[in-house]
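Thanks for coming. I will take one structure today and go through its geometry, part by part.

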Amino acid sequence: MPLTPLAFSPTENARYKARLTTRQRELTSRLSAIEADFEQPRNPDADDRALERSNDEVLDKLGVSGQDELRAIDAALDRLRKGIYGTCAKCGAPIDTARLDALPQTPFCHACAHSL
Ligand SMILES: [Zn+2]
């Protein structure tokens, strides 16, 4: 199988890698803050418990989307290591740099992301 040509120069790859690892660090610390909050003792007062529950749901959603994003970032860093970062995981076409700048962890080109 022929090697997929590098979509980006090493400089560009390094730039995306820096962005991805920065975001990875942000998410990791945000997620551990969310976990720490979950571990707080529950409020024994019933009125506050209802409020806490809805807060927990918000925290839970944040946690889930954060974990999804972290997984996507891990996968993107893996593609960077393999030299296939910036090519669509579905059709193999190069992904727009504008798209990667907005969403550096995306594995799909614009067309494929919208046809999933
Ligand atoms: Zn595609």
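**The zinc site and the aromatic cluster**

I start with the metal. The zinc ion has four protein donors, the SG atoms of Cys-88, Cys-91, Cys-109 and Cys-112, at distances of 2.2 to 2.3 Å. Keep in mind that this is a predicted model.

What is the arrangement of the four donor atoms around the zinc ion? The angles they subtend run from 106 to 115 degrees, so the arrangement is tetrahedral. For reference, the ideal angle for four tetrahedral donors is 109.5 degrees.

Along the sequence, the spacing of the donor residues reads C-x2-C-x17-C-x2-C. Cys-112 has a relative accessible area of 8%, and is buried because the cut-off is under 20%.

Now the rings. Searching the whole structure gives three aromatic pairs. One of them is Phe-8 with Tyr-85: the ring centres are 6.2 Å apart and the planes stand at 45 degrees, so this pair is tilted. Tilted here is the class between stacked, under 30 degrees, and edge-to-face, over 60.

Where do the two residues lie? Phe-8 is in the segment before α1, which covers 10-38, while Tyr-85 is in the loop between α2 (46-82) and α3 (97-102), so the pair ties together parts 77 residues apart in sequence. Phe-8 and Tyr-85 are both buried.

Tyr-85 also pairs with Tyr-16, again in a tilted way, with 5.3 Å from centre to centre and 50 degrees between the planes. Tyr-16 is in helix α1 and Tyr-85 in the loop between α2 and α3, so here the parts tied together are 69 residues apart in sequence. Tyr-16 is buried, as is Tyr-85. Taken together, Phe-8, Tyr-16 and Tyr-85 make up one aromatic cluster.

There is a charged neighbour too. Arg-15 is placed over the face of Tyr-16, 4.8 Å from the ring centre.

Next, the chain as a whole. How many helices and strands does it have? The count is four helices and zero strands, and the order from the N terminus is α-α-α-α.

On overall dimensions, the radius of gyration of the chain is 19 Å, whereas a compact globule of 116 residues would have one near 13 Å. The box filled by the C-alpha atoms, taken along the principal axes, is roughly 65 × 30 × 25 Å. Of the 116 residues, 27% count as buried.

As for contacts, consider those between residues at least 6 apart in sequence: 61% of them join residues at least 24 apart.

I close with one pair of residues that is separated in sequence. Ala-72 and Thr-106 are 34 residues apart along the chain, and their C-alpha atoms are 7.1 Å apart in space. Ala-72 is part of helix α2. Its relative accessibility is 25%, so Ala-72 counts as partly exposed.

Definitions and conventions: Residues are numbered from 1 along each chain as its sequence is written. This is a predicted model: local features need pLDDT of at least 70, side-chain atom pairs count only at pLDDT 80 or more; totals for chains, interfaces and linings use all residues. Side-chain values use heavy atoms; hydrogens and water are left out. Rings of Phe, Tyr and Trp (its six-membered ring) pair if their centres lie within 6.5 Å; planes under 30 degrees apart count as stacked, over 60 as edge-to-face and the rest as tilted. Buried means under 20% relative accessible area, exposed over 50%, partly exposed in between (1.4 Å probe, protein chains only). A charge sits over a ring if NZ of Lys or CZ of Arg is within 6 Å of the ring centre and within 35 degrees of the ring normal. Donors are N, O and S atoms within 2.8 Å of the metal (3.2 Å for Na, K and Ca); water is not among the atoms, so sites may look incomplete. Four donors count as tetrahedral if all angles lie between 85 and 135 degrees; four count as square planar and six as octahedral if opposite donors are over 155 degrees apart and all others between 65 and 115; anything else is irregular. The radius of gyration is taken over C-alpha atoms; the globule rule is 2.2 Å times the number of residues to the power 0.38. Contact means heavy atoms within 4.5 Å.
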